[in-house]
Amino acid sequence: MSYDRTVRLDAGFDTAVTAVRKALADQGFGVLTEIDVKATLKAKLGHDMEDYLILGACNPPLARQALEADRSIGLLLPCNVVVRADGDTTLVQALDPNTMVTLSGLPALEPVADEAAARLDAALAALT
């Protein structure tokens, strides 16, 4: 089962992060959380790795609809978007919103997942 939507950018990490934030905002997503995995692993474990950022993106109307269908769906929110260096390119990966339908088995979440997927796809397409 594929659970991601991925694009590869011929852009540096910082440039890609800026572009991802704008593309998400243009599709109605705000970034609620940000985890700098590289900095965290360095600080906590002394481990060096490539640039790796997890953005917790949220579209409030879609989140509300999902939570009204299933209060436990918050376990799968917000929509995680990863921006990570991969050699000379940068990968941008978003969790496929249809994963919440598959995991929950709730048909009521299908329209929400479809809308979120369309918006994330549009954001990813705007990057290429």
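# Helix and sheet

Me: Which glycine follows helix 1, and what is its phi?
Reply: Helix 1 is followed by glycine 28, which has a positive phi near 85°. The model is predicted: local features need pLDDT of at least 70, side-chain atom pairs count only at pLDDT 80 or more, and totals for chains, interfaces and linings use all residues. Residues are numbered from 1 along each chain as its sequence is written, and side-chain values use heavy atoms, with hydrogens and water left out.

Me: What makes helix 1 a helix, and how far does it reach?
Reply: Helices (H or I, at least four residues) and strands (E, at least two) are DSSP runs numbered from the N terminus. With 14 residues, helix 1 therefore meets the length required of a helix.

Me: Which residues of helix 1 are called buried?
Reply: They are Phe13, Ala16, Val17, Val20, Ala23 and Leu24, where buried means under 20% relative accessible area, exposed over 50%, and partly exposed in between (1.4 Å probe, protein chains only). Asp14, Thr15, Thr18, Lys22 and Asp26 are exposed, on the face turned away from the buried side of helix 1.

Me: How do you know where the buried residues of helix 1 lie around its axis?
Reply: Seen down that axis, they fall within an arc of 130° (taken from the directions from the helix axis to the C-beta atoms), so they line one face of helix 1. An α-helix has 3.6 residues a turn, so residues three or four places apart point the same way.

Me: What makes strand 1 and strand 5 partners?
Reply: Two strands pair if DSSP finds at least two bridges between them. Strand 1 and strand 5 (residues 89–95) have 6 bridges and therefore pair, running antiparallel. Aspartate 4 stands opposite leucine 95, and leucine 9 has threonine 90 as its bridge partner.

Methods
The expected span of a helix is 1.5 Å times one less than its number of residues.
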